Amino acid sequence: MTILHQLMILLLVSIVVRMLDIKQKYFPVLVVLALIGIGLSFIPIFSDFSVASDVLYEVFIPGLLFVSAYQFSAKAFKSNAPVIMTLATVGMLGTVFLLGIGIYYTSALIHPLAWNVSLLLAAILVPTDPVSVVNILKQSNGVDEIADIVEGESMLNDGTSIVMFTIVLSMVETGGGFSILHFLQEFMVVSAGGVGVGLITGWILSKLLRFTSHPDYLVMLSVLTAYGSFLLAEQFGFSGVLATVVSGIMLSFAFAKKETEEEKKTRNHLNIFWNILNPILTSILFLLIGIQATSYLNFSQWPLAFLIFLLSLLARTIIVFSLMSIFPNWRKTLFRNILLNFLLLSWAGIKGSMSIVLLLWTVNSSVGNQSLVISIAFAAILISFVLQSMGVYPLTKLLKKVESK
């Protein structure tokens, strides 16, 4: 059976699951799809199915991030930009190092991992995925601003995480020592380059959209920008993810600048296309994640994987708590129920598609204890995805109940 037949089956499964209209508040549909993917891996036609990290990275990620970015409210981004950018940069760096330290010392008690490998695991597990959680947050009254921060942070930290991961992976493969100066220099160059490419391509797109109102051309221009900015940045060694996200945000700002009837029609044409493509990409992606994960889940270090999952929650909570406390307006807003609000922000940091892409990159690398590292990471990601997705809605209801008192 060809890859095309397999993809058609996956598309059919995703359509059936979405038509069942599962109550996503309690059991997100993407969790269902990932678990179904695990089940499909035991069927002969999918027993030898695998997908390269490059396919996930270059086909799925740009489209998913672009639609999230251009549909993200420009007003919400402006009002929360300092918080979002702080969490997506300083927060990511701090969480990686804190989690890396936790993994290094915790694994020493069960199955020792080298410092570089511990840091690599942390870089894989830190990026957050808003796909499965933002809709749940927005369905719960009173947490819209938290949902905006989670979504905005997740869009930007995907780019940050890839930059950190590639630097750490190179360090692991070469066996070189860690240099904070080299790390920061590389981080700044790759990130700034990606942002620059995104600003240019996003600006060009916003101008071109004013020259045509034809739906087909509008869609083609948006696709060209989403994937073109990504590939252009990657060609120059910059962050393609940041380029795609920034170009999408530029488009969002362009739409927000003038709310004319023509602008609304343009946005509606784009939404029709991307709102069809987006669920197709996400559904197939999470089915693929389930299928791909199965072969790595039969290992003996599940206790260590669960401990690392808990450490990832703890590291994120500490960093989020510390950084959010810097902003006076958030201190005032969250002071009454600060623990519950920060717990919600931390719990909403679910691992997902980007972590899987980073993980699959290690399959063909020369990482020590490679099989164990991949299995631990897959298990921790799966635990996070299932438990945290299911826990977000109860937490939002608890928040609402506490605040109503």
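Biologist: Which backbone oxygen lies 2.7 Å from a polar atom of the side chain of Ser 355?

Modeller: The backbone oxygen of Ile 124. Keep in mind that this is a predicted model.

Biologist: Noted. Where does Ser 355 lie?

Modeller: In helix α15, which covers residues 353-361.

Biologist: Is Ser 355 buried or exposed?

Modeller: Buried. Its relative accessibility is 1%, and the cut-off for buried is under 20%, so Ser 355 counts as buried.

Biologist: What else does Ser 355 touch, leaving out residues up to four places away in sequence?

Modeller: Ile 124 again, plus Leu 125, Pro 127 and Ile 381.

Biologist: Ile 124 keeps coming up. What about the largest nonpolar core?

Modeller: That core has 132 residues. Ile 124 is among the members that touch the most other members, along with Leu 56, Val 241 and Phe 378.

Biologist: Which helix gives the largest share of this core?

Modeller: Helix α16, residues 370-403. It supplies 15 residues.

Biologist: Take Leu 56. Which residues does it touch, beyond those up to four places away in sequence?

Modeller: Val 51, Ile 61, Leu 285 and Leu 288. Then Ile 356, Val 357 and Leu 360 as well.

Biologist: Back to α16. Where is Gln 370?

Modeller: Gln 370 is in helix α16.

Biologist: What are the contacts of Gln 370, not counting residues up to four places away in sequence?

Modeller: Thr 362, Val 363, Asn 364 and Ser 365. There is also a C-alpha distance worth a look: Gln 370 and Val 117 are separated by 9.3 Å, though they sit 253 residues apart along the chain.

Biologist: How much of the chain's contact set joins residues 24 or more positions apart?

Modeller: Among contacts with a separation of 6 or more, 82%.

Biologist: New topic: secondary structure. How many helices and strands are in the chain?

Modeller: 16 helices and zero strands. Of the 405 residues in the chain, 56% are buried.

Biologist: Give me a helix pair. At what angle do α4 and α12 pack?

Modeller: About 145°, with the axes 8 Å apart. Helix α4 is residues 74-110, and helix α12 is residues 302-324. The crossing of the two is right-handed.

Biologist: How do the residues of the contact of α4 with α12 divide?

Modeller: 17 are nonpolar, eight are polar and one is charged.

Biologist: Stay on α4. Is Asn 80 buried or exposed?

Modeller: Asn 80 lies in helix α4. With a relative accessible area of 2%, Asn 80 is buried.

Biologist: Which side chain makes a polar contact with the side chain of Asn 80?

Modeller: That of Ser 79, at 3.4 Å.

Biologist: And what is Asn 80 in contact with, leaving aside neighbours within four places in sequence?

Modeller: Glu 145, Asp 148, Ile 149 and Trp 330.

Biologist: How many residues apart along the chain are Asn 80 and Glu 145?

Modeller: 65, with their C-alpha atoms separated by 8.3 Å.

Note on methods: Residues are numbered from 1 along each chain as its sequence is written. This is a predicted model: local features need pLDDT of at least 70, side-chain atom pairs count only at pLDDT 80 or more; totals for chains, interfaces and linings use all residues. Side-chain values use heavy atoms; hydrogens and water are left out. Helices (H or I, at least four residues) and strands (E, at least two) are DSSP runs, numbered from the N terminus. Buried means under 20% relative accessible area, exposed over 50%, partly exposed in between (1.4 Å probe, protein chains only). A polar contact is a pair of N or O atoms within 3.5 Å; within protein, one must be able to donate a hydrogen and the other to accept it, and residues adjacent in sequence count only if both atoms are side-chain atoms. Contact means heavy atoms within 4.5 Å. Axes are lines fitted to C-alpha atoms, for helices over the stretch in contact, and angles run from 0 to 180 degrees between N-to-C directions. A crossing is left-handed if the near helix is turned anticlockwise from the far one by less than a right angle, and right-handed if clockwise. Ala, Val, Leu, Ile, Met, Phe, Trp, Tyr, Cys and Pro count as nonpolar, Asp, Glu, Lys and Arg as charged, and the others, Gly among them, as polar. A nonpolar core is a set of buried Ala, Val, Leu, Ile, Met, Phe, Trp, Tyr and Cys residues joined through side-chain atoms within 4.5 Å.
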